[in-house]
Amino acid sequence: MKAVQITSYGDRPAVVEVDSPRPGPGEVVVRVAGAALNPLDLKIAAGSVHDYFPVEFPYTLGTDVSGTVASTGSTRAGWDVGDRVVARLDPSRGGAFAEEVVVPVDQLVAAPRSLPLAHAAGVVTTAATAWQALTEVAGLRAGQTILVHAGAGGVGTFAVQFARALGAHVISTASGRGLEIARQMGAHQVVDHTETDFRTVVPRVDVVLDTVGGAVEEDSLDVLAAGGVLVATPAPPDDERARARGVRARFVFHQSDAERLADVVNRIDEGARLVVDSTSPLTEAPAALARLAAGRAKGKLLLVVDESPPGRVPERGA
């Protein structure tokens, strides 16, 4: 089968032929319909997160997968061949950028019914990270005001929608065609960060979701109300600097969690939208990763691996 692998940190990803995987105890093989690209894929390939996610080479890239159960090994564990599923794989193991992948049964979740199966991988990390950031880390409540940076990005599009659904007043930064995307997602106010310093037009907010990092982190402290919280996804923020301003700073360390993912899938089927920047076949994964690295994508970049008939919709959520 085909897979997208690297053989060392800093290596250029290549499409290669590898043996089909075999499931061990408590695992199934999933025939991949789609896989989503994430900034974490670039960090893993570069070796910059080796302390958190060490890998063995050759390493097959990708953590976010959607597809159908192809075989169940020695145990079904509630899943049948043909079930439509999504999962987030252990980043140290990877494997999503391939035609088949082994997945632990405790990480399988029934795929959303409202999306094409090949696109369903696009909600796995981004939507779950947005939900974790807003509800588990920030504790966002109805009536609060939140600033979402890069509201047209992968995490940002879901964060704007979820924050609006939670009853918050939502302000977003964006640029270019992302301005309209952020409005379509439900932002009450959208700031073009290429033309306006957001600090001059954004009122005091209770929560900032920083999906950009760098100077944006420090500048965001200027718009936080006393007692507010900055939640960052790219890297751990400077909590000492935040406390000196009378606010808090927290990092979202996203880990695979089937229960959270099942909750997010329900929200997708209730109407939350996935914004797709572009789709590519598996053989064009290196070019898609280069587009991701350029930082100009609006929404999700997806690999469409198999567009065959969708399989069976399981009756369970996780």
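User: Leaving aside its neighbours within four places in sequence, which residues is Thr 63 in contact with?

Analyst: Contact means heavy atoms within 4.5 Å, and, with neighbours within four places in sequence left aside, Thr 63 is in contact with Asn 38, Asp 41, Ala 87, Arg 88, Leu 89, Pro 91, Ala 96 and Thr 125. This is a predicted model, in which local features need pLDDT of at least 70 and side-chain atom pairs count only at pLDDT 80 or more, while totals for chains, interfaces and linings use all residues. Residues are numbered from 1 along each chain as its sequence is written, and side-chain values use heavy atoms, with hydrogens and water left out.

User: Where does Thr 63 lie, and does it count as buried or exposed?

Analyst: Helices (H or I, at least four residues) and strands (E, at least two) are DSSP runs, numbered from the N terminus; Thr 63 lies in the loop between E4 and strand E5 (64-71). Buried means under 20% relative accessible area, exposed over 50%, and partly exposed in between, with a 1.4 Å probe and protein chains only. Thr 63 counts as buried because its relative accessibility is 1%.

User: Which side chain does a polar contact join to that of Thr 63?

Analyst: A polar contact is a pair of N or O atoms within 3.5 Å; within protein, one must be able to donate a hydrogen and the other to accept it, and residues adjacent in sequence count only if both atoms are side-chain atoms. Here the side chains of Thr 63 and Asp 64 are joined by such a contact of 2.8 Å.

User: In what order do the three strands of the open sheet lie?

Analyst: Strands of a sheet pair through backbone hydrogen bonds, either parallel or antiparallel. Two strands pair if DSSP finds at least two bridges between them, and in this model the order is E2-E1-E4, with antiparallel pairing. Strand E2 (14-17) and strand E4 (59-60) are the edge strands, each pairing on one side only. Strand E1 (residues 2-6) pairs with E4 over two bridges, and Ile 6 stands opposite Tyr 59 in E4.

User: Why is helix H2 described as largely enclosed by the rest of the structure?

Analyst: Nine of the 12 residues of H2 are buried, so the helix is largely enclosed; among these buried residues are Trp 131, Gln 132 and Leu 134. What covers them includes helix H3 (154-165), strand E13 (224-232) and helix H7 (258-269). Just after H2, Gly 139 takes a positive phi of about 65°.
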